[in-house]
Amino acid sequence: MTIHISENFPKLIRDFFLYDNSESDGTAHAPIDLPFDMDRESLLHDAKGLPWDTDCRIDRCTIVHNSNNKGETGTKYVVQKDTRIEPAIDLEKFPAINSLINNLNSIGPVTYMRFKNMYPGEYLPPHMDSTQGPMIVYCPITWPEGCHFKVYGQGLVDFGGLKANIVETGNRVHSVVNDGNESRFTFSFHADWSSPGWSNILRKTKLAD
């Protein structure tokens, strides 16, 4: 599927969304069902109060990380025994995010989490997350009109209904734009895919093939 985005974006970004008319075959990204309800209104309230890192194109805030290697921004398929996962912020100040993490950890360990705020007119150029684990879960808190996430050769990631998706960003070129008029709030996380809960979720997709 091709997308016409506004002339305000660089030609590289416009062409990436315009000329790659691929469709997903399910091997690079897939929607998943999380076994709990999400209070997105409360999550958005918490998100707006986070201590954002504003040095990048997208505001970011690390929520959970590996305390043994705080520079690590992802994990492999299997978590090492000596890995120490801990909050990167004071979660008592953010009760909705704390509840979210507890719900996710009830499925299996969440090993890294970030919240992100993409302003209108911002974008991430085509890239691969080559320093991270191969797969990540993206979940929109808001997904305003004009926001698009595209994987080269695999079409658009469908966030309709604010659905969470597993995306293979470590080996696939992808790009994200906000061609709308509202900020886009999301969170993404790495999980221990060897744990029974996350392994069961992964097996229901073609990414496990």
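A47 sits in helix 2, which spans residues 40-48. The model is a predicted one. At 0% relative accessibility, A47 counts as buried.

- A47 is in contact with W52, F115 and F185, once its neighbours within four places in sequence are left aside.
- V157 is 110 residues from A47 in sequence, and the two C-alpha atoms are 23 Å apart in space.
- Which residues of helix 2 are buried? They are R40, L43, D46 and A47.
- A general point on geometry applies: an α-helix has 3.6 residues a turn, so residues three or four places apart point the same way.
- Turned away from the buried side is a face that carries the exposed residues E41, H45 and K48.
- The cover over the buried residues of helix 2 includes helix 3 (95-105) and strand 4 (110-118).
- Strand 6 (136-140) and strand 11 (184-191) are also among the elements covering them.

**Aromatic pairs**

- How many aromatic pairs does a search of the whole structure find? The search finds 11.
- F9 and Y123 make an edge-to-face pair, with 6.1 Å centre to centre and 70° between the planes.
- This pair links distant parts of the chain: F9 is in the segment before helix 1, Y123 is in strand 5, and they are 114 residues apart.
- F9 is buried, at a relative accessible area of 3%.
- Y123 also counts as buried, at 15% relative accessibility.
- F115 and F187 make a stacked pair, with 5.4 Å centre to centre and 20° between the planes.
- Here too distant parts of the chain are linked: F115 is in strand 4 and F187 is in strand 11, 72 residues apart.
- Both F115 and F187 are buried.

- An open sheet is formed by 4 strands in the order 5-10-7-8, with antiparallel pairing.
- Where do strand 5 (123-127) and strand 8 (155-156) stand in the sheet? They stand at the edges.
- Each of these two has a single partner strand, so one side of each is left without a neighbour in the sheet.
- Strand 7 (residues 147-151) pairs with strand 10 (residues 174-178) in the antiparallel sense, over 5 bridges.
- V151 has H174 of strand 10 as its bridge partner.
- Helix 1 (residues 11-19) lies across strand 5, strand 7, strand 8 and strand 10.
- The angle between helix 1 and strand 10 is about 110°.

**Cysteines**

- The count of disulfides is 0, with a cut-off of 2.5 Å between cysteine sulfur atoms.
- C61 is in no disulfide, and the nearest cysteine sulfur, that of C56, is 12 Å away.
- C61 is buried, with a relative accessible area of 3%.
- C147 counts as buried, at 5% relative accessibility.

Note on methods
Residues numbered from 1 in each chain as written. Predicted model: local features only at pLDDT ≥ 70, side-chain atom pairs only at ≥ 80, totals over all residues. Heavy atoms only, no water. Buried < 20%, exposed > 50% of the residue type's maximum accessible area, 1.4 Å probe, protein only. Pairing = 2+ DSSP bridges. Contact = heavy atoms within 4.5 Å. Axes fitted to C-alpha atoms, helices over the stretch in contact; angles between N-to-C directions. Phe/Tyr/Trp six-rings, centres within 6.5 Å; stacked < 30°, edge-to-face > 60°.
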